[in-house]
Amino acid sequence: MTKNDEFIEALVSDLTPVRHHALRVRLALTIIVGVIGAAIALLISLSFRPHLHHVTVAAFWVKFLYTAVLMSATIVALERVARPEGSIGSMVRVPVVAFSIVALLAIAQLGLSPASSYPGLIIGYSASFCPFLIVAFGIPAFCANMWFLRRAAPTRPALAGFVAGACAGGVGGWVYSWACVENGIPFIAIWYTLGILLSGLVGSLVGKFSLRW
């Protein structure tokens, strides 16, 4: 037996078997923690944001489903980038298709509405803070996602960090949609998407340094 063989044998001598689906079980726990954290943040924020506007049922479901799809896609992507050389190539199509559908709905809503209503449909009353609330609500999920990745084996730190951040943004956006009072689908297409992308960019910067081996 060579010295290399002895060295490898010494490295693996303390390893213990890992349960089947252990990574997915840990990911499920991570997402539960993130959603609960975002819900608590939402409840706290409601005391500072009185509901002065009416929300339509259609607008609620567009927000709810759009963010749910983005959140689900990034959860799957998070599980993939947690593995060595994990790729998210096929998962990119899901957010692109979801955004395209919402963008088409936004164009249709603008086409069917008078021009005087455009500011309300596009800017609403919360465009200045909506993306930042989504990022803020996603902070517990982001911390949980990074905990998950640091106990896995990602080999692309910046990509893994971006997915962790985008997933946190998806969780934050989905929870925020429960109480958001905006009725404009253009508003959802622009400001919700921006909040999730912003969370992903922050995650990419953090992951670049904190997920290195």
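## Contacts of glycine 124

Contact here means heavy atoms within 4.5 Å. In this predicted model, glycine 124 touches Pro119, Glu182 and Phe187, when residues up to four places away in sequence are not counted. Glycine 124 sits in the loop that connects helix 5 (118-122) with helix 6. With a relative accessible area of 28%, glycine 124 is partly exposed, because that class lies between the limit of 20% for buried residues and that of 50% for exposed ones. Glycine 124 and isoleucine 188 are 64 residues apart along the chain, and their C-alpha atoms are separated by 10.0 Å.

## Overall architecture

The protein contains 9 helices and 0 strands. Read from the N terminus, the order of its elements is α-α-α-α-α-α-α-α-α. The chain has 213 residues, of which 44% count as buried. Of the contacts between residues at least 6 apart in sequence, 88% join residues that are at least 24 apart.

Two packed helices are described by the angle between their axes and the distance between the axes. For helix 7 (residues 139-150) and helix 8, the angle is about 145° and the axes are 8 Å apart. The crossing of helix 7 with helix 8 is right-handed. Helix 7 contributes Ala141, Phe142, Asn145, Met146 and Leu149 to the contact, while helix 8 contributes Ala160, Gly161, Ala164, Gly165, Cys167, Ala168 and Val171. By class, the residues of this contact between helix 7 and helix 8 comprise 9 nonpolar, 3 polar and no charged.

Helix 8 also packs against helix 9, at an angle of about 145° and with the axes 6 Å apart. This crossing of helix 8 with helix 9 is right-handed. On the helix 8 side, the residues that meet helix 9 are Pro157, Ala158, Gly161, Phe162, Gly165, Ala166, Ala168, Gly169, Gly170, Gly173, Tyr176 and Ser177. Their partners in helix 9 are Tyr192, Ile196, Leu197, Ser199, Gly200, Leu201, Gly203, Ser204, Gly207 and Lys208. The contact of helix 8 with helix 9 divides into 10 nonpolar, 11 polar and 1 charged residues.

## Burial of helix 6

Helix 6 (residues 130-137) is mostly covered, with 6 of its 8 residues buried. These buried residues are Cys130, Pro131, Leu133, Ile134, Val135 and Phe137. The elements that cover the buried residues of helix 6 include helix 2 (22-46), helix 7, helix 8 and helix 9.

## The largest pocket

Rolling a probe the size of a water molecule over the atoms shows where empty space is left. The largest pocket has a volume of about 370 Å³. It is lined by 17 residues, and those closest to its centre are Thr74, Pro95, Phe162, Ala166 and Leu197. Two or more lining residues come from each of helix 3 (57-81), helix 4 (93-111), helix 8 (157-177) and helix 9 (185-210).

Helix 3 supplies the largest share of this lining, with 5 residues. By class, the lining of the largest pocket consists of 15 nonpolar, 2 polar and no charged residues.

Threonine 30 lies in helix 2. Its relative accessible area of 2% makes threonine 30 buried, because a residue counts as buried under 20%. Apart from residues up to four places away in sequence, threonine 30 touches Ala144, Asn145, Trp147 and Phe148. One of these, Asn145, also belongs to the contact that helix 7 makes with helix 8.

Leucine 43 is likewise located in helix 2. At 60% relative accessibility, leucine 43 counts as exposed, because the class begins over 50%. Leucine 43 and tyrosine 176 are 133 residues apart along the chain, with a separation of 9.9 Å between their C-alpha atoms.

Arginine 151 is placed in the loop between helix 7 and helix 8. Its relative accessible area is 46%, so arginine 151 is partly exposed.

Conventions: Residues are numbered from 1 along each chain as its sequence is written. This is a predicted model: local features need pLDDT of at least 70, side-chain atom pairs count only at pLDDT 80 or more; totals for chains, interfaces and linings use all residues. Side-chain values use heavy atoms; hydrogens and water are left out. On a 1 Å grid over the protein atoms alone, a cavity is a set of points where a 1.4 Å probe fits but cannot get out, and a pocket is an open set with protein on both sides within 12 Å along at least five of seven lines; lining residues have an atom within 4 Å of a point. Grid points are joined across faces, edges and corners, and a volume is the space filled by probe spheres set on the points. Helices (H or I, at least four residues) and strands (E, at least two) are DSSP runs, numbered from the N terminus. Ala, Val, Leu, Ile, Met, Phe, Trp, Tyr, Cys and Pro count as nonpolar, Asp, Glu, Lys and Arg as charged, and the others, Gly among them, as polar. Axes are lines fitted to C-alpha atoms, for helices over the stretch in contact, and angles run from 0 to 180 degrees between N-to-C directions. A crossing is left-handed if the near helix is turned anticlockwise from the far one by less than a right angle, and right-handed if clockwise. Buried means under 20% relative accessible area, exposed over 50%, partly exposed in between (1.4 Å probe, protein chains only).
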